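The following report describes the overall dimensions, the nonpolar cores and the aromatic pairs of the structure shown below.

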Amino acid sequence: MTKGDVAAAVEAANARAVERMLAADPVLVDVAVAGDAIAGLGDRTILHAGPPIEWPDMCGPLKGAVAGAIVLEGWAADLDEAAELAAAGGVAFHPNHHFDAVGPMTGTITRSMPVMVVENRSFGNRAYCTLNEGLGKVMRFGGNDAEVLARLRWLAETFGPAFGAALREAGGTPLKAMIARGLSMGDEMHQRNVGCTSLLLRAIAPVLARAVDDRERLAGLFEFIGGNDQFFLNVAMAMGKAIMDPVRGIEGSSVVTAMSRNGTTFGIRVSGLGDRWFTAPVEMPRGLYFPGFSEDDANPDIGDSTIVETIGLGGFAMAASPAVAGFVGAGTAAEALNYTRAMEEITVARNPEWTIPALDFAGVPTGIDIRKVVASGRTPTINTGIAHREAGIGQVGAGIVRAPMACFERALEAFAAAMGVA
Amino acid sequence: MEDRKDPIQDLLDGPVAVINIGLAQFARTLEGQGVAAVQVDWCPPAGGDRRMIDLLDKLGA
């Protein structure tokens, strides 16, 4: 092929990739038990955020979450015994992404946990994400004490079954239009989800009310959703995974299909390169810290939540969310516009259905092209929560982090080889 | 022989407005002296990495 032929082939493949992204029809259809819903998720298996990692290389919060998950499943009597079991190779670790799943921060999923199920009705695939536990001491930030495990049991035994039944009764909740409305309400779907959480609660409340007889129990369900502005984040993440999975494996496409971090390494996957991970050490978020905490307390970047940026939301939609710009330390509302404009330089298209009022209703930047990232020197902007580096303390701030350029350079080397031009 | 003014001198006779590409310090220094300056957000392709530039060229980017 001539140079012009190669370029044309990549452009055509990338157009197909974005076509599939835009054709997606994600619907929140159920809450199911992970071991039943996720094929291959067996006993003594722990799924985690990010690319593959083993126990010795895990950061503090991930080790904390793993130990907590082991106790939750009854594979060890206490946290010390759990850590010993993990260190001795008594459990298998796999990335969520290898099981059609994603999870925020530590992202741990084991078989008894409830997971939200999003179906992409255009392509027939399903993706899974845990339920958001709320703020404070939670497993996604490495929390693992009795309070954390008790909440997880309540989610599995009470909240999950009721919410799942309501979703099934409703025939699912379509998400694409909900995201469009959320963007116009100031959500960017990573660090701000108050609009979409409210819209989801409004949509599901009547069905839940009819499905649950006990008024106190019903009130508890409403309180849990209404008391957590980030409840929708996990829905958006499962939606992102459901949108991106059909984009995998398009020959000649340089579009990124996943970005993810395990607290130690950052990994990306590229459509034309199958399911290979291209990794580099994670970076430290820059942001604002809650009172009493500083960067010295922070864990490096962690979580599968970057699937939200992969579909053009989060840091890519910063212009939609002036409140987030302030929360993550991105500056003024006017400066927030520049974050979104900069992401237009590294993407293939704009999403005409997800638009941003402050940019005269321009669509969110969609389809990250590794060639454009390397050429421009601009890496994806990610809005993120910041975890304490020690297990069990929780969130200490929020900020912005960049995907490491080395991931994209390594992927570009492999992509050029795959295209026969290295 | 026609008496032509030095174009650089001509430029500096009036108010100067500067567009700076490259080191931002140049723009900041001018701003410090009350000169209007706009810094262009630009960096060399692929940060000047020859290997990456070569691959990008072959891939039509």
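With 422 residues, chain A would have a radius of gyration near 22 Å as a compact globule, and its value of 20 Å agrees with this. The radius is taken over C-alpha atoms, and the globule rule is 2.2 Å times the number of residues to the power 0.38. For chain B, with 61 residues, the rule gives a radius near 10 Å, but the chain has 19 Å.

This is a predicted model, in which local features need pLDDT of at least 70 and side-chain atom pairs count only at pLDDT 80 or more, while totals for chains, interfaces and linings use all residues. Residues are numbered from 1 along each chain as its sequence is written, chains are lettered from A and ligands numbered from 1 in the order in which they are written, and side-chain values use heavy atoms, with hydrogens and water left out.

The table lists the chain extents and accessible surfaces (Shrake-Rupley method, 1.4 Å probe).

| Chain | C-alpha span along principal axes | Accessible surface | Carbon and sulfur share |
|---|---|---|---|
| Chain A | about 65 × 50 × 45 Å | about 14500 Å² | 51% |
| Chain B | about 50 × 40 × 15 Å | about 4900 Å² | 58% |

Buried residues (under 20% relative accessible area, 1.4 Å probe, protein chains only; exposed is over 50% and partly exposed lies in between) make up 61% of chain A and 15% of chain B. Chain A holds 14 helices and 16 strands; these are DSSP runs, with helices (H or I) of at least four residues and strands (E) of at least two. The elements of chain B follow the order α-β-α-β-α from the N terminus.

A nonpolar core is a set of buried Ala, Val, Leu, Ile, Met, Phe, Trp, Tyr and Cys residues joined through side-chain atoms within 4.5 Å. The largest one has 91 residues, and Ile70(A), Phe163(A), Phe232(A) and Leu313(A) touch the most other members. A second, separate core of 36 residues includes Ile370(A), Phe415(A), Met419(A) and Leu55(B). Beyond four places in sequence, the contacts of Leu313(A) (heavy atoms within 4.5 Å) include Ile179(A), Met239(A) and Trp354(A).

Over all chains, 7 aromatic pairs are found. Rings of Phe, Tyr and Trp (its six-membered ring) pair if their centres lie within 6.5 Å; planes under 30 degrees apart count as stacked, over 60 as edge-to-face and the rest as tilted. Phe224(A) and Phe231(A) have ring centres 6.3 Å apart and planes at 90°, so the pair is edge-to-face.
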